[in-house]
Amino acid sequence: MRKLFLFLFLGAAVQLSSAQKKDFSYLDIFDLQYVSDPQISPGGDWIVYQRMGFDIMKDGSAGNLWLINVDGSQNQKLTSREVNESNPRWSPNGDRIAFTSSTDEGSEIYMYWVATGKVAKLTQLPFSPSSLTWSPDGKQLAFSMNVPQAPPVIAKIPAKPKGAKWEEAPRITDRLYHEADGRGYIAPGFNHIFVVPANGGAPRQITSGDWHHRGTLSWAKDGSKIYFSANRVEDWEYRFRNSEIYSVELETGNIEALTDRNGPNQEPQVSPNGKHIAYVSFEDKVQAFQTRKLHIMNSDGSNQRVISGNLDRSVSDIQWNAKGDGIYVYYDDKGNGKVGLVSLDGKITKLVDNVGGTTLGRPYSGGSYSVSSDGTIAYTQTRPEYPADLAILKSKAKNPNRITSLNNALLNYRDLGKVEEIWYKSSVDGRDIQGWVVYPPNYDANKKYPFMVENHGGPIANYGDRFSIEMQLYASAGYIVFYPNPRGSTSYGEEFANLLYNNYPGEDYNDVMDGVDFCIQKGIAHEDQLFVTGGSAGGIMSAWIIGKNNRFEAAVVAKPVMNWISKTLTADNYFYYFDHRYPGQPWENFEGYWKFSPISLVGNVQTPTMVMVGMNDLRTPPSEAKQLYHALKLRKIETVLVEIPGAGHGIANKPSNLMTKVAHTIAWFDKFRTDKENE
């Protein structure tokens with residue numbers, strides 16, 4: 001037995017050769033786990049976090065809460081319950097953890113007592129709670145919850161006879177925003193703020209009126225008020241980008257507006273001494289993108305000012321430090337998530353990098369963090385080699401410490417594609433453009449590989465040096481993958497992202513093609529083996545590319561907008577585009593909307609093209625994908641339409657659909673690979 005133990009111990013220490021490892025595969029998706037929403041205790045000694053993963057039988061994601069010491073020891077499941085648990089929040093003195101969890105009746109608020117490990121359900125709510133927040137004295141919890149309203153009734157018809165099989169009554173709406181991708185029809189009602197005793201009891205609604213009250217909640221230091229963001233203005237439906245910071249008195253329900261500006265005022269956070277409120281805001285200048293800046297004001301709304309003016313990056317997820325002389329912020333910089341500290345005089349100190357790893361499919365931004373009273377930061381850390389793990393940065397430490405390795409048992413035995421950052425010049429104006437190249441496992445520079453361009457969605461979003469299931473699967477199939485951040489991408493400043501205003505698609509096309517040419521010059525890509533794909537805005541770019549040139553062997557255009565005129569008035573966010581994307585409404589600017597519609601170029605397309613869309617997509621409706629498919633069929637261009645049942649705009653939200661998306665993309669491209677002909 002001793003010899004066997006010694007053999008296993010020594011064997012585990014030997015690094016596996018690439019021949020012993022396997023390539024990343026579809027079923028590996030179900031073994032991946034990642035950290036989400038880490039919450040460090042006030043004393044900085046424990047962290048509660050959500051451990052997420054995919055369920056192979058239920059074809060979805062699931063998460064439980066875990067508790068771990070900051071030194072990485074005693075990593076343990078919080079409860080014995082095998083249901084979804086989320087939104088953990090420590091009590092002010094660290095003796096309890098409130099969280100939400102699913103039940104047969106819906107989501108409820110639960111309490112965990114740290115000293116005893118006891119768990120109790122506090123509520124029996126008609127709808128799911130959100131924005132769970134402790135009062136300063138630990139005696140109450142505030143949350144937001146939907147309060148339904150009756151739908152409008154226009155006409156009364158006779159009651160159906162007993163046993164009659166009539167059709168259902170019509171669904172009637174008179175609201176501007178009445179459906180949402182991934183949700184479908186939105187039942188009438190408004191979110192309101194409630195409070196409930198921390199030891200359980202009846203919840204009490206403290207806001208009223210036909211407006212939504214949701215998002216970040218922050219208590220006054222004496223517990224008499226709650227600060228929140230809402231859009232309680234006349235004509236609020238049509239001023240959908242506007243919101244203000246309000247306070248509501250718990251005893252009287254009296255609501256007072258503290259801000260008054262045309263634009264979003266969000267994420268109020270009361271300072272430790274109760275004298276100031278930090279929040280995120282910008283004055284709406286009516287353009288494609290604006291940087292969300294950190295503001296501060298007195299608790300009565302006076303002396304409002306910007307304090308992150310020196311940082312040309314959007315900030316979010318703000319939190320005061322214990323001394324009240326600085327505010328922690330999350331921001332993206334050049335495709336990488338950061339946490340920084342902004343002093344009240346505007347000095348910005350970057351503290352940690354590589355925050356993210358919670359968007360497993362593609363390498364989008366995301367992730368979260370929290371800070372203890374002693375300044376220890378707990379956050380989700382990612383690199384291209386692993387999804388979000390839990391990392392710690394002690395208050396006086398220079399380097400963070402990664403304290404979980406949730407996927408070592410899988411990824412240590414997989415050959416992943418190497419991810420390399422590249423920079424190149426735009427041929428349009430000489431701007432520096434960033435991108436990443438993913439090489440197939442065991443890449444041999446002397447061999448010729450097919451080269452795939454993967455365009456990101458948004459387009460006001462960013463890819464980065466983060467783990468990505470899709471990129472790794474493409475690489476495992478033998479493709480070199482190039483994913484760029486062309487103009488319009490976030491994390492490069494307001495001016496860079498706003499270059500798409502009334503110019504989309506525009507020179508972002510040139511930025512992508514310049515990256516292709518750069519890779520050809522470097523010998524990474526080859527002119528006769530180019531492929532292109534992307535979803536949503538990436539689908540728009542892919543359709544635009546094959547309408548502009550015939551350089552690609554094949555294309556997969558996923559969930560595109562082909563016709564801005566038809567899309568704008570049928571999508572769930574139909575009210576969003578006018579003036580902020582293109583001037584005026586489609587009927588006021590027909591030529592302008594048509595100019596940027598990829599369908600206007602479809603007569604030029606010669607590239608064999610697969611068109612893909614979710615059948616329940618409300619953001620880029622299936623009718624948009626069908627316009628491309630039908631046009632190519634009429635022109636006798638080689639094409640196929642892939643419609644994915646049960647999928648909305650987020651095709652990859654279900655792991656089976658993620659596999660379907662990637663497998664069909666690879667199968668289509670493989671038909672046109674010249675290197676496959678010699679196998």
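This is a predicted model: local features need pLDDT of at least 70, side-chain atom pairs count only at pLDDT 80 or more; totals for chains, interfaces and linings use all residues.

Trainee: Where is S229 found?

Mentor: S229 belongs to strand 17, which covers residues 225–230.

Trainee: Is S229 buried or exposed?

Mentor: S229 is buried: its relative accessible area is 10%, and the cut-off for that class is under 20%.

Trainee: Which backbone oxygen lies 2.7 Å from a polar atom of the S229 side chain?

Mentor: That oxygen belongs to N265. N265 is also one of the residues in contact with S229 beyond four places in sequence, and R214, T216, S243 and E244 are among the others.

Trainee: How many bridges join strand 2 to strand 3?

Mentor: Six bridges join them. In one of these strands, strand 3, R51 is the bridge partner of V35.

Trainee: Now the core. Which residues touch the most other members of the largest nonpolar core?

Mentor: They are F451, I469 and C519, in a core of 89 residues. Leaving aside neighbours within four places in sequence, C519 is in contact with I422, V437, F451, F482, I524 and A525.

Trainee: And the rings: how many aromatic pairs are there?

Mentor: The count is 27 aromatic pairs. One of them, F24 with F467, is edge-to-face, with 6.3 Å centre to centre and 85 degrees between the planes.

Trainee: Where in the chain do F24 and F467 lie?

Mentor: F24 is in the loop between strand 1 and strand 2, whereas F467 is in the loop between strand 35 and helix 3; the two are 443 residues apart. F24 is buried at 3% relative accessible area, and F467 is buried at 1%.

Trainee: What about Y582 and F596?

Mentor: Their ring centres are 5.4 Å apart and their planes lie at 15 degrees, so the pair is stacked.

Trainee: Lastly, which ring does the charged end of R402 sit over?

Mentor: It is the ring of Y386, with the charged end of R402 3.6 Å from the ring centre. The charged end of R673 sits over the ring of Y479, 4.6 Å from its centre.

Definitions and conventions. Residues are numbered from 1 along each chain as its sequence is written. Side-chain values use heavy atoms; hydrogens and water are left out. Helices (H or I, at least four residues) and strands (E, at least two) are DSSP runs, numbered from the N terminus. Buried means under 20% relative accessible area, exposed over 50%, partly exposed in between (1.4 Å probe, protein chains only). A polar contact is a pair of N or O atoms within 3.5 Å; within protein, one must be able to donate a hydrogen and the other to accept it, and residues adjacent in sequence count only if both atoms are side-chain atoms. Contact means heavy atoms within 4.5 Å. Two strands pair if DSSP finds at least two bridges between them. A nonpolar core is a set of buried Ala, Val, Leu, Ile, Met, Phe, Trp, Tyr and Cys residues joined through side-chain atoms within 4.5 Å. Rings of Phe, Tyr and Trp (its six-membered ring) pair if their centres lie within 6.5 Å; planes under 30 degrees apart count as stacked, over 60 as edge-to-face and the rest as tilted. A charge sits over a ring if NZ of Lys or CZ of Arg is within 6 Å of the ring centre and within 35 degrees of the ring normal.
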